[in-house]
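I opened the model and kept notes as I went. These are the entries.

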Amino acid sequence: MDSPLDGELVRLRAADEGTIRALTVLSNDPELIPLALAGIFPAAEAARVAWWRGMVEAGATFFIIERIADARPLGLANLRDFDTRRDNAGLGIWIGKPFWDQGFGKDAVRTLCRYAFDDMHVRSIYLDVRADNSRAIAAYRAVGFSEEGLLREHTFADGAYRDMLGMAITRPELQGA
Amino acid sequence: MSPIPRPASTSPLEGELVRLTALDEETVRTFIAPAFNDPEVQLGLVLPFPQPGQGAIDWFNGWRGLKEDSAHFLIQCLATQEPVGQISIESISPRDRNSEIGLWIAREHWHEGYATDALRVLCRFAFDEMGLHKVWLSVLGSNPRARGVYERVGFQLELTSGDEHMVGGKRVAVHTMGMLRDELVL
């Protein structure tokens, strides 16, 4: 393996304004938004850039998920809320709908976790996922995440309050990396 | 859906023992900054170290009630008009209709029931005046007394982070507790 940011199918790259703009069309997918982009609605490129810039100023690190085969950007991931006393960070990720069910998300999460553990020295990583998003939950489980609890009626999407599942992982639990 | 009952007082921000009032710079300087810096108070919070007094004033001046995603209140004793602590509602999500609550009580006023009463007032305010669906908070595993207060008011344990928080050389769990409108215990 050449780079710690290379997985088997995808490569993580630093996000810049141009790539955030380029991902706008994928991120505005009406099926993706209620599943994975809590609180974020279809938005213009400029609004996506402003959101990204605000997150970066608050300390988040963003990665473009790029398909190794053709360098095409498929989605976006971030690590945020680095906490020294807890030694952890939160993970956020989305993959554009045309690229679902092909293993890209799993490969990206595994690569990002490995990078966070081995190069950023994060001890554990947590995330929230809609409890009815079985595709994402299966991918997180396959990478080694386990459940920490259920946040009841914690988000509103698709016409109803929905439970959110909290999941987390530490280095020894990471599978296949 | 009927209103949550409240004491005879006409203000939605008054309980049986306390009133929630606006912060002002003078109170931040004379009460909030020093009381918040008590190491015993900070042990229960997730801040790593004492904050310079000017930091509290700068924080207050940066907020000043202008932001729609958070509100911070002084907890005032009804009987003596004395400030006893601070309570906040933050990360208000318009879409999810939920919000995180944080509070602390000055050490000399612990065990007097102020936290319980202030929480009841703020939760009722959040549900019946702000129209929220849920409130939630975090509590350290090393702070069972606070957790007892939250349970008494109606918060339910939803998540325990196996990822632990460093306190006094030991790692302790972090619990997330949540409350829906009809779970508030008066």
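**Set-up.** I am working on a predicted model, where local features need pLDDT of at least 70, side-chain atom pairs count only at pLDDT 80 or more, and totals for chains, interfaces and linings use all residues. Residues are numbered from 1 along each chain as its sequence is written, chains are lettered from A and ligands numbered from 1 in the order in which they are written, and side-chain values use heavy atoms, with hydrogens and water left out.

**Interface of chains A and B.** I looked up the contacts between the two chains. I found 21 residues of chain A in contact with 29 residues of chain B; contact means heavy atoms within 4.5 Å. The buried area is about 2200 Å². That is accessible area (1.4 Å probe) lost when the two parts are put together, summed over both. Carbon and sulfur atoms give 40% of this area. On the chain A side, A:Arg85, A:Arg86 and A:Arg152 lose the most area to chain B. Together they make up 38% of what that side buries.

**Salt bridges across the interface.** I then ran the salt-bridge rule, which asks for a side-chain nitrogen of Lys or Arg within 4 Å of a carboxyl oxygen of Asp or Glu. It finds three across the interface of chain A and chain B. I opened the pair A:Arg152 and B:Glu183, with N to O at 2.7 Å. Where do its two ends sit? The bridge of B:Glu183 and A:Arg152 runs from the segment after β7 (170-180) of chain B to strand β6 (residues 146-157) of chain A. For such labels, helices (H or I, at least four residues) and strands (E, at least two) are DSSP runs, numbered from the N terminus. Both B:Glu183 and A:Arg152 are buried. My classes are buried under 20% relative accessible area, exposed over 50% and partly exposed in between (1.4 Å probe, protein chains only).

**A network in chain A.** Next I followed shared partners. Salt bridges join A:Asp6, A:Arg11, A:Arg13 and A:Glu66 into one network.

**Other salt bridges.** How many salt bridges does the whole structure hold over all chains? The search finds 26. I picked A:Arg135 with A:Asp101, whose closest N and O atoms are 3.0 Å apart. A:Arg135 lies in helix α6 (residues 134-143) and A:Asp101 in the loop between β4 (88-95) and α5, so the pair ties together parts of chain A that are 34 residues apart in sequence. A:Arg135 is partly exposed at 37% relative accessible area. A:Asp101 counts as exposed at 62%.

I also opened A:Arg130 and A:Asp132. Their side chains form a salt bridge at 2.9 Å, N to O. Here A:Arg130 is buried, at 6%. A:Asp132 is partly exposed, at 39%.

**A:Ala108.** I moved to helix α5 (residues 104-118) of chain A, where A:Ala108 is found. Is A:Ala108 buried or exposed? It is buried, with a relative accessible area of 1%. Leaving out residues up to four places away in sequence, A:Ala108 touches A:Val10, A:Leu12, A:Ile65 and A:Ile93. I also took the C-alpha separation from A:Ala108 to A:Asp6, which is 8.8 Å across 102 residues of chain.

**Second largest pocket.** A pocket here is an open set of points on a 1 Å grid over the protein atoms alone, with protein on both sides within 12 Å along at least five of seven lines; a 1.4 Å probe fits at the points, and lining residues have an atom within 4 Å of a point. I noted a volume of about 170 Å³. Volume is the space filled by probe spheres set on the points, which are joined across faces, edges and corners. The lining includes B:Pro5, B:Arg6, B:Glu16, B:Asp117 and B:Arg124. It divides into five nonpolar, one polar and five charged residues. In this count Ala, Val, Leu, Ile, Met, Phe, Trp, Tyr, Cys and Pro are nonpolar, Asp, Glu, Lys and Arg are charged, and the others, Gly among them, are polar.

**Backbone angles in chain B.** I checked phi for residues other than glycine. B:Gln81 has a positive phi near 65°. B:Gln81 lies in the loop between β2 (71-77) and β3 (83-93), and is partly exposed at 44%. B:Ser91 also has a positive phi, near 50°. B:Ser91 is in strand β3 and is partly exposed at 45%.
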